[in-house]
Amino acid sequence: MSHKVRENRLRRMAERQGLTLVKSRRRDPRAVDYGKYWLAQTSTNTLETSEQGITLDEIEAYLTR
């Protein structure tokens with residue numbers, strides 16, 4: 001499964017659970033949050049995951065728990 005397809009699938013899973021999947025906009029590979037993701041509550045706009053961001057694997061584990 002391609003990276004973008006997986007990301008979109010997880011985005012839909014998050015929406016069904018009242019969450020929003022947010023991707024880091026950093027373009028510098030040396031940046032701390034490059035390639036990281038966050039889950040935020042849609043209603044309150046508060047983070048569900050760590051402020052440092054997590055990987056897609058960790059997002060998937062969180063959403064399927």
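A: A residue is called buried when its relative accessible area is under 20%, exposed when that area is over 50%, and partly exposed in between (1.4 Å probe, protein chains only). The model is predicted, so local features need pLDDT of at least 70 and side-chain atom pairs count only at pLDDT 80 or more, while totals for chains, interfaces and linings use all residues. Residues are numbered from 1 along each chain as its sequence is written, and side-chain values use heavy atoms, with hydrogens and water left out.

A nonpolar core is a set of buried Ala, Val, Leu, Ile, Met, Phe, Trp, Tyr and Cys residues joined through side-chain atoms within 4.5 Å. The largest one here has eleven residues: Leu-10, Met-13, Ala-14, Leu-19, Leu-21, Tyr-37, Leu-39, Ile-54, Leu-56, Ile-59 and Leu-63. Two or more of these residues come from each of helix H1 (3-16), strand S1 (19-23), strand S2 (37-41) and helix H2 (56-63). Helices (H or I, at least four residues) and strands (E, at least two) are DSSP runs, numbered from the N terminus. As a general background, nonpolar side chains tend to be buried together in soluble globular proteins.

Leu-39 belongs to strand S2 and is buried, with a relative accessibility of 0%. Contact means heavy atoms within 4.5 Å. Beyond its neighbours within four places in sequence, the contacts of Leu-39 include Ala-14, Leu-19, Leu-21, Ile-59 and Leu-63. The C-alpha atoms of Leu-39 and Ala-14 are 7.7 Å apart, although 25 residues separate the two along the chain. Another core member, Tyr-37, touches residues including Leu-21, Ile-54, Leu-56 and Ile-59, again not counting residues up to four places away in sequence.

Helix H2 contributes the buried residues Leu-56, Ile-59 and Leu-63. Seen down the axis of H2, these residues fall within an arc of 55°, so they line one face of the helix; the arc is that of the directions from the helix axis to the C-beta atoms. An α-helix has 3.6 residues a turn, so residues three or four places apart point the same way. The cover over the buried residues of H2 includes H1, S1 and S2.

Arg-6, in helix H1, counts as buried at 18% relative accessibility. The side chains of Arg-6 and Asp-57 are joined by a polar contact of 2.6 Å. A polar contact is a pair of N or O atoms within 3.5 Å; within protein, one must be able to donate a hydrogen and the other to accept it, and residues adjacent in sequence count only if both atoms are side-chain atoms. Asp-33 is placed in the loop between S1 and S2 and is buried at 17% relative accessibility. The side chain of Asp-33 makes a polar contact of 3.1 Å with the side chain of Arg-26.

For contrast, Thr-55, in the loop between S2 and H2, is partly exposed, with a relative accessible area of 32%. Asn-45 is found in the loop between S2 and H2 and counts as exposed at 63% relative accessibility.
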